[in-house]
Amino acid sequence: MDSDNEFGAFLMSRRARVSPAAAGLTAHGRRRVPGLRREEVAELAGVSAVYYTRLEQGRALHPSDAVLDALARVLRLGATERAHLYDLVRRGRVRSSAGPAADAGEPASAVPVRDGLRRLLAAVGAVPAYVLSPAMDVVDANDLARALIGAPGPAAGGRLNLARHVFADPAARELYPQWEDVARQTVGFLRLSTGRLPGDLPLARLVAELSALSPEFRSLWAMQEVREKSHGTKCFRHPVVGAFALTYETLALPGDEQRCLVVFTAPDVRADAALRLLGSWTAPAPAGAHTDPFGNGSAV
């Protein structure tokens with residue numbers, strides 16, 4: 001996505017976060033680097049400094065699970081970061097044994113949503129719900145989700161992509177009062193997806209596009225943070241129904257592992273009233289009245 005040595009870059013970014021005190025070490029004198037030195041990580045992980053240096057430089061491509069577990073412990077990785085570490089190692093092993101990564105096939109955003117899932121989206125019409133690809137394309141959505149997030153901006157090419165929406169659509173900064181948090185979560189999810197799907201060309205193109213477009217995206221991408229969007233709370237400041245917060249759950253889709261279903265619910269009376277008002281404001285139009293702003297070719 002940006003470097004052939006993602007594994008080494010991730011290790012360096014994580015050791016920069018761990019202070020000697022947090023690792024149980026006593027710091028002596030002035031330190032030239034933030035966080036732990038390479039030799040300190042090596043000693044705590046039980047490997048040689050030479051070997052750890054080779055790992056960061058991308059010259060040792062086959063660390064054992066025991067070494068990875070030790071590094072995850074020393075670098076204080078969370079569950080999502082640990083999984084990402086293993087993803088990057090598997091990616092490096094495939095590259096070294098098979099040469100350049102092959103095209104991963106048809107992108108997840110291009111595969112039509114099955115009829116049963118479309119009916120499920122319609123059935124949960126009292127709350128916003130959409131199907132999301134690893135590159136954060138909204139593959140399909142119900143009417144309330146469309147009304148909540150809005151149509152894609154002029155740079156979106158016809159389909160709503162949530163990452164492009166956050167970084168390229170000025171309306172997003174109004175819609176999300178906690179825009180900085182949303183931006184970090186967005187980049188963290190994309191970073192996690194790139195580790196899982198190194199051959200996903202739409203994902204690679206999106207990262208390149210946003211890196212060229214947004215200095216904020218470039219800065220966040222360089223931080224090497226990874227985030228799983230499994231559940232949480234998101235605040236909105238909608239131009240029609242005002243300010244409220246929704247909780248969301250991200251559900252895996254059996255038989256469609258690359259995509260997920262995101263469902264928002266109202267945690268309080270204010271949010272429930274906002275969704276009801278938004279639902280009444282966006283009553284279904286006559287069939288064929290206008291096209292789906294999410295680029296799926298169906299009537300809204």
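Gln224 counts as buried because its relative accessibility is 5%; buried means under 20% relative accessible area, exposed over 50% and partly exposed in between, with a 1.4 Å probe and protein chains only. The model is predicted: local features need pLDDT of at least 70, side-chain atom pairs count only at pLDDT 80 or more, and totals for chains, interfaces and linings use all residues. Residues are numbered from 1 along each chain as its sequence is written, and side-chain values use heavy atoms, with hydrogens and water left out.

**Overall**

- The protein has 13 helices and 5 strands. Helices (H or I, at least four residues) and strands (E, at least two) are DSSP runs, numbered from the N terminus.
- Of the 300 residues in the protein, 45% are buried.
- The protein exposes about 14500 Å², and carbon and sulfur atoms supply 56% of that area. Accessible areas come from the Shrake-Rupley method with a 1.4 Å probe; for residues, only the protein chains shown count as cover.
- Among contacts in the protein with a separation of 6 or more, 60% join residues 24 or more positions apart. Contact means heavy atoms within 4.5 Å.

**Gln224**

- Gln224 sits in the loop between helix H12 (215-222) and E3.
- Not counting residues up to four places away in sequence, Gln224 touches Glu6, Ala9, Phe10, Ser13, Arg14 and Arg191.

**Helix H13**

- Ala271, Ala274, Leu275 and Leu278 are the buried residues of H13. They lie on the same side of H13 because they cover an arc of only 95° around the axis. The arc is that of the directions from the helix axis to the C-beta atoms.
- The buried residues of H13 pack against helix H7 (143-149), strand E3 (231-238) and strand E4 (242-252).
- Val269 and Arg276 are exposed, on the face of H13 turned away from its buried side.
- Asp268 caps the N-terminal end of H13. A side-chain oxygen of Asp268 lies 3.3 Å from the backbone nitrogen of Arg270.

**Asp69**

- Asp69 belongs to helix H4 (residues 65-74). Asp69 counts as partly exposed because its relative accessibility is 35%.
- Leaving aside neighbours within four places in sequence, Asp69 is in contact with Arg82 and Tyr86.
- Asp69 and Tyr86 are 17 residues apart in sequence and 9.4 Å apart in space, C-alpha to C-alpha.

Methods:
Polar contact = N/O pair within 3.5 Å; in protein donor to acceptor, adjacent residues only side chain to side chain.
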